[in-house]
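Let's walk through this structure together, starting from one spot on its surface and then stepping back to the whole chain.

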Amino acid sequence: MSKEHEVDDFYVKLKELLNDLNFGTITIVVQDGKVIQLEKSEKVRLK
């Protein structure tokens, strides 16, 4: 897979995570200069 394709895939996945998140965090894990993992933690607010 080309580096450009990997970058495109990263942005598509990141956009999906952002669109589904109301409250919480998204963590980008980098190893040896490459993104290897995206982590999503969502908070649910109870009223």
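Which residues make a nonpolar surface patch of about 240 Å²? The patch is made by Ile28, Val30 and Val35. Patches here take residues with over 30% relative accessible area and no salt bridge, joining nonpolar side chains (Val, Leu, Ile, Met, Phe, Trp, Tyr) within 5 Å and like charges within 9 Å. A salt bridge means a side-chain nitrogen of Lys or Arg within 4 Å of a carboxyl oxygen of Asp or Glu. Areas come from the Shrake-Rupley method with a 1.4 Å probe, and for residues only the protein chains shown count as cover.

A word on the source: this is a predicted model, where local features need pLDDT of at least 70 and side-chain atom pairs count only at pLDDT 80 or more, while totals for chains, interfaces and linings use all residues. Residues are numbered from 1 along each chain as its sequence is written, and side-chain values use heavy atoms, leaving out hydrogens and water.

Look at Val35 next: this residue lies in strand β2, residues 34-42, and is partly exposed, with a relative accessible area of 43%. (Buried is under 20%, exposed over 50%, partly exposed in between.)

Now the whole chain. It has 1 helix and 2 strands, in the order α-β-β along the sequence; helices (H or I, at least four residues) and strands (E, at least two) are DSSP runs, numbered from the N terminus. The C-alpha trace spans about 45 × 20 × 10 Å along its principal axes. Of the 47 residues, 9% are buried.

How values were computed. Buried < 20%, exposed > 50% of the residue type's maximum accessible area, 1.4 Å probe, protein only.
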